[in-house]
Amino acid sequence: MKAHETNELIEHGHEKSKNRTALLIACLAMVLAIASLGGSNAMKEATHENILAANTYSFYQAKAIRQQALKIAASDLELKIASDPKMTPQIKDLYTKKIEEYQKTISRYESEPESKEGKKELLVKAKGHEAIRDHALLQDPWFDYAEDLLQIAIVLLSVSIIGSIPALFLVGGIVGFLGLLSTLNGFLLIIH
């Protein structure tokens, strides 16, 4: 084998190595974009679900306050009936009907399955929003780790092309693989 043939083989090998590295960088850049999108979506979902949970708890609180006000009003009417022995049967009957009306509303505020707006249903709904929020908050750090690892890998691989340093290619490949695993875990949450 002649010297110029050997030189051509070496140059062809370097060109092949550069192409392989450039292809790996392109793939890691694509995974970086996916990780960035996943992280952005996880934070948006966490914020959105947190707002929905807060709104639902506020509605629950309003129902509880109204319910308590009706309980106090019903108790007041019961005390009026009990404290006034001279009360006419007609007035007593009006008070009793009002107390029954208050009791029905109190029960409706406690549980309203048809409209899903009773305290019991609102509490379940709020807990559901919290669960979705918590899931998104578990996902987000993994996307952050992935973004950092993928950016470092892309830099290392780029430097390996410029400097023709195989060790940087190896380290960049490993860091990029860890970034890929972090991205997958962000979506799947295999590891919390």
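Trainee: What makes up the lining of the largest pocket, by class?

Mentor: The lining has 4 nonpolar, 5 polar and 2 charged residues. Here Ala, Val, Leu, Ile, Met, Phe, Trp, Tyr, Cys and Pro count as nonpolar, Asp, Glu, Lys and Arg as charged, and the others, Gly among them, as polar. This is a predicted model, where local features need pLDDT of at least 70, side-chain atom pairs count only at pLDDT 80 or more, and totals for chains, interfaces and linings use all residues. Residues are numbered from 1 along each chain as its sequence is written, and side-chain values use heavy atoms, with hydrogens and water left out.

Trainee: Which helix gives the most to that lining?

Mentor: α1 does, with 5 residues. α1 (3-83), α3 (119-163) and α4 (166-188) each supply at least two. Helices are DSSP runs (H or I, at least four residues), numbered from the N terminus.

Trainee: Why is T183 called buried?

Mentor: Buried means under 20% relative accessible area (1.4 Å probe, protein chains only). T183 is at 4% relative accessibility, so T183 counts as buried. T183 lies in helix α4.

Trainee: What does T183 touch?

Mentor: Leaving out residues up to four places away in sequence, T183 touches V31, I34, A35, F143, A146 and L150. Contact means heavy atoms within 4.5 Å.

Trainee: What makes a set of residues a nonpolar core?

Mentor: The set consists of buried Ala, Val, Leu, Ile, Met, Phe, Trp, Tyr and Cys residues joined through side-chain atoms within 4.5 Å. The largest such core has 13 residues, and L28, A35, L150 and I154 have the most contacts inside it. α1 and α3 are the elements that give two or more residues to this core.

Technical notes. Buried < 20%, exposed > 50% of the residue type's maximum accessible area, 1.4 Å probe, protein only.
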